[in-house]
Amino acid sequence: MRFYSGIVVLLFCLLATGCNSTSLYSGLGEKEANVMLSVLLEQGFKAEKISSGKKGFAITVGRDEVVGALRVLESENLPRKKFESLGTVFSSEGLISSPLQEKARFAYALSQELSETCSSIDGVLTARVHVVLEEAKEMGEKPVPASAAVLIRYVSSFDIESSVVRIRKLVAQSVPGLSYDNVSVALFPIREAVSLPAPKKDVEIAGVAVNRNSISSFWMLLAGGIAGGILIGFAAMLALRKRTQQKEAAAENEER
């Protein structure tokens, strides 16, 4: 029994060593997980998308690829920031809010909605929209007009500048009392691309070149081979011991 227990422990250790994948992010939506997976696969990483049921999806890579994979995802601004919707902002229950608090929440909700909309434009890495609602003054004073400022970080290979007019119109038509002239857009192109060496196809384990995609299979085969060799050796030892006992018994019978 001790012998078989030792084999089980040995197999467990070898198989655990073979599990060399690490989770980068979890709790992702399927669409976002697919985008992250495609980006990593295009860069040559051995990435996988794993379903966690109601908890969403996880993205995993090899342990030796974690640093490079995180750098690539960060350069693509992935995973994207989650924005709150109007329904989320106004769904909280509690005491009756003052008009000033309601106005602040409404401005925040509009900013979140517009930031998410601008972030969905092709080539945009990060988008932030800051909204200031029209502020009424006392009688005889001129009200402060509504305004909005849009900040966009984008990939320089995309022509975002040609979309500035449409972005300003989109924001102006989404905020009550906001005119086109009071919407400003600041663009910041990102020219530096992440340059990573191509992942090695083979790794050396105990002097043996093993394909990176077959490391887990290699450890499983190695564990199976070792276990098989041990079992064969044990069976041979039992057979030899039995044969020796038979010879000793035969010799004792002859002496009698």
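Biologist: Which residues does Thr60 touch, not counting residues up to four places away in sequence?
Modeller: Thr60 touches Ser21, Thr22, Ser23, Leu24, Lys46, Ala47, Glu48 and Ile50. Contact here means heavy atoms within 4.5 Å. This is a predicted model, where local features need pLDDT of at least 70, side-chain atom pairs count only at pLDDT 80 or more, and totals for chains, interfaces and linings use all residues. Residues are numbered from 1 along each chain as its sequence is written, and side-chain values use heavy atoms, with hydrogens and water left out.

Biologist: Where does Thr60 sit?
Modeller: Thr60 is in strand β3, residues 57–62. Helices (H or I, at least four residues) and strands (E, at least two) are DSSP runs, numbered from the N terminus.

Biologist: Is Thr60 buried or exposed?
Modeller: Thr60 is buried, at 7% relative accessible area. Buried means under 20%, exposed over 50%, and partly exposed in between, with a 1.4 Å probe and protein chains only.

Biologist: New topic, helices. At what angle do α2 and α3 pack?
Modeller: Helix α2 (residues 30–42) and helix α3 (residues 66–75) pack at about 120°, and their axes are 10 Å apart. Axes are lines fitted to C-alpha atoms, for helices over the stretch in contact, and angles run from 0 to 180 degrees between N-to-C directions.

Biologist: What does that make α2 relative to α3?
Modeller: Oblique, because of that angle. Under 35 degrees counts as roughly parallel, over 145 as roughly antiparallel, 65 to 115 as roughly perpendicular, and the rest as oblique.

Biologist: Which residues make the contact?
Modeller: From α2, Met36, Val39 and Leu40. From α3, Ala69, Val72 and Leu73.

Biologist: And by class, what does the contact of α2 with α3 have?
Modeller: Six nonpolar residues, no polar and no charged. Ala, Val, Leu, Ile, Met, Phe, Trp, Tyr, Cys and Pro count as nonpolar, Asp, Glu, Lys and Arg as charged, and the others, Gly among them, as polar.

Biologist: Stay on α3. Is Gly68 buried or exposed?
Modeller: Gly68 lies in helix α3. Gly68 counts as buried, at 15% relative accessibility. From Leu40, Gly68 is 28 residues away in sequence and 9.6 Å away in space, C-alpha to C-alpha.

Biologist: What about Leu70?
Modeller: Leu70 is also placed in helix α3. Leu70 counts as partly exposed, at 34% relative accessibility. Leu70 and Leu40 are 30 residues apart in sequence, with 9.4 Å between their C-alpha atoms. Beyond neighbours within four places in sequence, Leu70 is in contact with Leu24 and Tyr25.

Biologist: Now a loop. Where is Ile160?
Modeller: Ile160 is in the loop between β5 (147–155) and α6 (164–172). Ile160 counts as buried, at 2% relative accessibility.

Biologist: Which residues is Ile160 in contact with, leaving aside its neighbours within four places in sequence?
Modeller: Ile121, Asp122, Val124, Tyr154 and Leu187. The C-alpha atoms of Ile160 and Pro189 are separated by 9.0 Å, and these residues are 29 apart along the chain.

Biologist: Zoom out. How many helices and strands in the protein?
Modeller: Seven helices and eight strands. Of the 256 residues, 27% are buried.
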